[in-house]
Amino acid sequence: EIDAEEIFKMRADGRVNEFIARQQMLKLETAQDLVEKTRNAFATTQGLGWAGVVKNTSTTIGSCGFNSIDFDNLRAEFGAELSVQFWGKRMSIDVVTEIVNFGFSHLNFHTIDAKVFPNNRGAIVLLELLGFTKEAHLKDRIYFNGKFIDMAIYSITNPNH
């Protein structure tokens with residue numbers, strides 16, 4: 001079960017949002033709403049989320065999953081976040097590999113996409129390491145905090161299709 005307090009602590013740290021266009025989380029209730037939204041997305045088959053938990057503990061250190069699922073076209077958008085104190089420790093490789101494999105083998109997705117800020121080198125290196133390739137660079141894609149931000153789209157195709 002996702003721990004709203006742990007999600008709140010992670011998202012209240014402004015650095016975790018450095019490469020995500022969203023405001024810093026200021027209230028625990030916002031994290032509780034996010035947990036409920038994640039449950040509702042699963043219940044309506046619009047998304048599928050997992051909590052990242054330290055092995056042999058119940059400490060939530062991140063979240064990841066399919067933010068949106070398009071079953072008609074066998075596509076999903078992958079997204080993730082990790083608590084700042086775990087950045088650079090290569091913990092995400094196994095997790096993202098398993099989620100991509102799950103999407104291909106159990107959900108029969110043809111393509112999995114990830115949208116990233118072009119300057120998010122950590123995410124881009126991870127995606128490329130796992131076989132994602134850059135499909136697009138969208139200029140001024142998002143308007144956030146008074147400025148336009150570019151986005152890059154990376155994708156991977158199911159090798160069994």
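A: What follows is a walk through the sheet, strand by strand, and then its surroundings.

This is a predicted model, in which local features need pLDDT of at least 70 and side-chain atom pairs count only at pLDDT 80 or more, while totals for chains, interfaces and linings use all residues. Residues are numbered from 1 along each chain as its sequence is written, and side-chain values use heavy atoms, with hydrogens and water left out.

A few terms come up throughout. Helices (H or I, at least four residues) and strands (E, at least two residues) are DSSP runs, numbered from the N terminus. Two strands pair if DSSP finds at least two bridges between them. A residue is buried under 20% relative accessible area, exposed over 50%, and partly exposed in between (1.4 Å probe, protein chains only).

Start with strand 2 and strand 3. They pair in the antiparallel sense over eight bridges. The two form a hairpin with four residues between them. In that turn, L74 has a positive phi of about 55°.

One position here deserves a stop. E81 sits in strand 3, and S63 stands opposite E81. The side chains of E81 and S63 make a polar contact at 2.8 Å. (A polar contact is a pair of N or O atoms within 3.5 Å; within protein, one must be able to donate a hydrogen and the other to accept it, and residues adjacent in sequence count only if both atoms are side-chain atoms.) E81 counts as buried because its relative accessibility is 8%.

Now cross to strand 4. Strand 3 and strand 4 run parallel and are joined by four bridges. Within this pairing, A76 has I112 of strand 4 as its bridge partner.

D113 is buried because its relative accessibility is 14%. Its side chain is joined to that of R75 by a polar contact of 3.0 Å. Leaving aside residues up to four places away in sequence, D113 touches R75, A76, E77, F78, F132, I153, Y154 and S155. Contact here means heavy atoms within 4.5 Å.

Next comes strand 6. Strand 4 and strand 6 run antiparallel, with six bridges between them. I112 faces I156 of strand 6. Strand 6 spans residues 147-157, and eight of its eleven residues are buried, so the rest of the structure largely encloses it.

Strand 6 has strand 5 (residues 133-144) as a partner too. This pairing is antiparallel and runs over eight bridges. I142 stands opposite I149 of strand 6. Two residues separate the strands in a hairpin, and N145 in the turn has a positive phi of about 50°.

Helix 1 (residues 4-12) has A4, E6, I7, M10 and R11 buried. They lie on the same side of helix 1 because they cover an arc of only 160° around the axis. The arc is that of the directions from the helix axis to the C-beta atoms. On the other side, E5 and K9 are exposed. The buried residues of helix 1 pack against helix 2 (28-43), strand 2 and strand 3.

Finish with the aromatic rings. Rings of Phe, Tyr and Trp (its six-membered ring) pair if their centres lie within 6.5 Å; planes under 30 degrees apart count as stacked, over 60 as edge-to-face, and the rest as tilted. By this rule there are five aromatic pairs. One of them is F71 with F109, tilted, at 6.1 Å centre to centre and 40° between the planes. This pair links distant parts of the chain, 38 residues apart. F71 is in the loop between strand 2 (60-70) and strand 3 (75-82), while F109 is in the loop between helix 3 (92-105) and strand 4 (111-116). F71 is partly exposed, at 38% relative accessible area. F109 is buried, at 0%. Ring pairs link W50, F66, F71, F102 and F109 into a cluster. Y143 and F148 also form a tilted pair, with centres 4.8 Å apart and planes at 55°. Y143 is exposed, at 55% relative accessibility.
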